[in-house]
Structures are given as C-alpha cells and as structure tokens.
Amino acid sequence: MGSRAEVLKLFRTLHRTRQLVFKNDAKALEAARQKINEEFRNNQNETSSERIAELMKIGSDVEVLLRTSVMQALHTGSDRLLLIPRKDLLLDNVPYCDTPTRKL
C-alpha cells in the first residue's frame with residue numbers, strides 16, 4: 001500500500017471527482033484544485049509506510065465524502081437557494097417501517 005502508482009491514482013481520482021462535484025463553478029473548482037495539490041505537495045517527501053497508508057485512507061475518504069455528500073446550490077433571491085443535485089445523489093424514496101425486520 002502507498003506505492004507511487006497508487007498515490008498518483010488517488011491524485012487523479014480526487015481531481016476527477018472535483019471536476020464532477022463542482023461542475024460549472026469556477027471558483028470552487030479552483031479552490032479544490034489548489035487544496036488537493038497543496039496537500040499532496042506538503043506530503044510528497046513522506047517516507048513512513050504507515051503514514052503514507054494513513055494519508056491514502058484520508059484521501060480516499062475525502063473522495064467518497066465529496067462524491068456522496070456535496071450538492072451545489074445557487075442563490076436565486078435574497079432568501080432562496082436552488083439546489084442542483086447530481087444524478088448519483090438522488091436516491092429512491094424508501095418508506096419508513098415501524099416494525100424492525102428480524103435478522104436470522
């Protein structure tokens with residue numbers, strides 16, 4: 001874990017996710033690009049395999065968080081926001097069930 005190829009793969013994945021999540025928002029795209037590059041640059045001389053594995057886990061967790069939790073919104077008035085959900089964020093509505101299911 002933590003080989004150069006895996007680190008570069010995570011780097012590319014984070015940038016692809018950034019482009020997807022912040023599509024059509026130049027300010028957010030640039031801020032995310034700078035933050036990703038800064039974090040990788042700050043840790044480029046890390047040699048400890050445990051620390052590299054920990055940083056890789058943090059990076060992959062951030063990618064999942066961005067992909068599954070971030071939604072864009074536009075101000076349409078002084079007290080209104082227009083949410084722009086991505087297709088992968090929209091989930092089917094699951095009805096609530098008061099009685100718990102029994103696991104066997």
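A hairpin links strand 1 to strand 2 through two residues. Strands here are DSSP runs of E, at least two residues long, and helices are runs of H or I, at least four long, numbered from the N terminus. This is a predicted model: local features need pLDDT of at least 70, side-chain atom pairs count only at pLDDT 80 or more, and totals for chains, interfaces and linings use all residues. Residues are numbered from 1 along each chain as its sequence is written, and side-chain values use heavy atoms, with hydrogens and water left out.

**The strand pair**
- Strand 1 (residues 72-77) and strand 2 run antiparallel, joined by five bridges.
- Two strands pair if DSSP finds at least two bridges between them.
- Gly77 has Arg80 of strand 2 as its bridge partner.
- Why does strand 2 lie largely in the open? Of its five residues (80-84), the number buried is zero, so strand 2 is largely in the open. Buried means under 20% relative accessible area, exposed over 50%, and partly exposed in between (1.4 Å probe, protein chains only).

**Confidence**
- The chain averages a pLDDT of 87, and 92% of the residues score at least 70. pLDDT is the predictor's confidence in each residue, from 0 to 100.
- Among the elements of the chain, helix 2 (residues 26-42) has the highest mean pLDDT, 95. Strand 1 has the lowest, 86.

**The recorded domain**
- An unreviewed UniProt entry places the feature "domain: Complex 1 LYR protein" at residues 6-60. Such annotations may be inferred rather than shown by experiment.
- Residues 6-60 are 82% helix and 0% strand. The end C-alpha atoms of this span lie 11 Å apart.

**The pockets**
- A pocket is an open set of points on a 1 Å grid over the protein atoms alone, where a 1.4 Å probe fits, with protein on both sides within 12 Å along at least five of seven lines; lining residues have an atom within 4 Å of a point.
- The largest pocket has a volume of about 830 Å³. Of its 26 lining residues, Val7, Ile36, Glu39, Phe40 and Asn43 are the closest to its centre.
- Helix 1 (4-21), helix 2 and helix 3 (49-69) each give two or more residues to that lining.
- The second largest pocket has a volume of about 200 Å³. Its lining has 13 residues, with Val21, Lys23, Asn24, Gln72 and Ile84 nearest its centre.
- Strand 1 gives the most to the lining of the second largest pocket, with three residues.

Technical notes
Points joined across faces, edges and corners; volume = space filled by probe spheres on them.
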